[in-house]
Amino acid sequence: MTTLHFAESLRELVGGVDVVLSDIWGVVHNGLESFPDACEALHTYRSRGGTVILITNAPRPADSVQRQLRKLGVADETYDAIVSSGDLTRLYVAEHPGSRMFWLGPERDNSIYRGLDATTAPLEEADYIVCTGLYDDETETAEDYRGMMLKARERKLTLVCANPDIVVERGDRLIYCAGAIAELYRELGGEVIFYGKPHRPIYERAMRLAGERQGHQIDRKKVLAIGDSVRTDLTGAREFGIDCLFVTRGIHAEEFEGLDQLDPKSVLELFGHPPKALMRELKW
């Protein structure tokens, strides 16, 4: 398929859909404010019997993500559950008791190991790295960490990436995330374990939670993913075998100017395999 389907509303797409797996950042909010139409769309879908699982590459536990959503005005009734890459990273840390962790990320992400039997150590003494982001994502890029990553590679340390996103929106700007450092480390020959989209574990956990709420195993043909990133949301959904609604107002907004005029070749170059449908912003 090389043609694009533009949908006006979510209601067009959810006939026969039991579960929606929705991205958060770029779909539900932009880091500074929530999107009321998107929240209403998910709430309305739930009120009609659907299950909404928010899946996010936030490098924090689900309860921490929920607190942020509440601050931004996203009601708890908008969704059934949250699955974060931070939760999956915490499982890795919990499964490696006694190992020393070098934590790379801003102080606001310290919930990634809070309450766990985790010993932090300098890079020179650590057994592995957990990367939740840049120390200062307002001013830094991954290149600022090249020297550190070269030292880590010399020690053959595994880097656990708690957020595979390269960039996310913060208001009207794009800021770098842990995925940018992880990709640099991989290019340098380092070993990286990614938690979060587009990798399978986050989808498998979301499907288990959806099944618990529906009371039966979920048929992937009855699942719709929603997201704004080709690299994480669209690729992750395709590789997991579920349809994807692509929201164009997010991190790729500039690339999607004039999207309705793309020829088949350009569609393939932009998307690879196009999503089930596109929508500028999520609404019911």
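I started with Lys156, which sits in the loop between α4 (146-154) and β7 (158-161); helices (H or I, at least four residues) and strands (E, at least two) are DSSP runs, numbered from the N terminus. This is a predicted model, where local features need pLDDT of at least 70, side-chain atom pairs count only at pLDDT 80 or more, and totals for chains, interfaces and linings use all residues. Residues are numbered from 1 along each chain as its sequence is written, and side-chain values use heavy atoms, with hydrogens and water left out.

Lys156 isn't a glycine, yet I find a positive phi of about 55° there. Buried or exposed, I wondered, is Lys156? Lys156 counts as exposed because its relative accessibility is 75% (exposed is over 50%, buried under 20%, partly exposed in between; 1.4 Å probe, protein chains only).

Next, the cis peptide: I found it from Lys197 to Pro198, with omega near 10°. Pro198 is in the loop between β10 (191-194) and α6 (200-214).

Then I looked up the largest pocket, whose volume is about 500 Å³. Of its 36 lining residues, I noted Trp25, Asn163, Asp165, Val168 and Cys177 as the closest to the centre. (On a 1 Å grid over the protein atoms alone, a pocket is an open set of points where a 1.4 Å probe fits, with protein on both sides within 12 Å along at least five of seven lines; lining residues have an atom within 4 Å of a point. Points are joined across faces, edges and corners, and the volume is the space filled by probe spheres set on them.)

Which element gives the most to that lining? I get β8, with four residues.
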